[in-house]
Amino acid sequence: MTDKYYISWADFHQDVKTLAAKIKSSGDYNKIIAISRGGLLPAGILAYELDIRNSQAINISSYDTGEIRRADEDVEIDCDISDVDEHTLVVDDLSDSGRTFRLMRQLLPQAKFVAVYVKEQGRAEADIYTRQVPDTWVVFPWDVE
C-alpha cells in the first residue's frame, strides 16, 4: 500500500455534515460515543449538527507499543456503557477492516455504528457512512505536516 488518499479539511467537514443528514433521516438519537482518537472530531461536529449534548469518548486499545496488534480477547476498552441503547451513535472516522466496530458491537449490540468513511473490507460493519474510500492509506487533514 504505497499510494495515499488525502482528505482536506473542507471535504472532511462537508462529509461529516452529509453523515449528519443521513443519521437524521434514519432515526432519533440522544447519545454519542466517540471512538478515540479518530472518532473525536467527527463526533464533535455530529454533536452540534444533531443537537446531542450527551457525548462521551471510548478508548479502545488494540495495539501495544508500535504496531504490535493485540488479540481480540486482549483489546482494552474504557468507557461507561451501562446506558447504551438503540438511540446511541458510536462514531469513528474510518471503518478500515471493520475490526473496531465488530469488537464494539459485541459490547453495544443495540447502538448504531457510524463512520465518515469506509473501505471495502469495513463497509459491512458500518450502519451509516458517508462514502467509501480506496483501499489505501488514508491521510486525514490532521495528519498532514
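The conversation below takes the labels one after another.

Modeller: This is a predicted model, in which local features need pLDDT of at least 70 and side-chain atom pairs count only at pLDDT 80 or more, while totals for chains, interfaces and linings use all residues. Residues are numbered from 1 along each chain as its sequence is written, and side-chain values use heavy atoms, with hydrogens and water left out.

Biologist: How many helices and strands are there in the chain, and how are helices and strands assigned?

Modeller: The chain has three helices and eight strands, arranged along the sequence as β-α-β-α-β-β-β-α-β-β-β. Helices (H or I, at least four residues) and strands (E, at least two) are DSSP runs, numbered from the N terminus.

Biologist: What makes R131 and D15 a salt bridge?

Modeller: A salt bridge requires a side-chain nitrogen of Lys or Arg within 4 Å of a carboxyl oxygen of Asp or Glu. The N to O distance between the side chains of R131 and D15 is 2.9 Å, so the pair meets that criterion. The pair links distant parts of the chain, since R131 belongs to strand β7 and D15 to helix α1, 116 residues apart. D15 is buried because its relative accessible area is 10%, whereas R131, at 24%, is partly exposed.

Biologist: How do you know that R102 and E125 form a salt bridge as well?

Modeller: The closest N and O atoms of R102 and E125 are 3.7 Å apart, and the cut-off is 4 Å, so the pair qualifies. R102 lies in helix α3 (residues 99-107) and E125 in the loop between β6 and β7, so the bridge ties together parts 23 residues apart in sequence. At 37% relative accessibility R102 counts as partly exposed, while E125, at 16%, counts as buried. The structure holds seven salt bridges, and another of them joins the side chains of K17 and E49 at 3.1 Å, N to O.

Biologist: What makes a set of residues a nonpolar core, and which residues have the most contacts inside the largest one?

Modeller: A nonpolar core is a set of buried Ala, Val, Leu, Ile, Met, Phe, Trp, Tyr and Cys residues joined through side-chain atoms within 4.5 Å. The largest has 24 residues, and those with the most contacts inside it are I23, I32, L46, L89 and Y117. Its largest share, five residues, comes from α1. Apart from this core lies another, of 15 residues, among them I35, I58, I60 and F113.

Biologist: Why is W142 called partly exposed?

Modeller: W142, found in the segment after β8, has 31% relative accessibility, and this value lies between the limits of 20% and 50%, so the residue counts as partly exposed.

Notes: Buried < 20%, exposed > 50% of the residue type's maximum accessible area, 1.4 Å probe, protein only.
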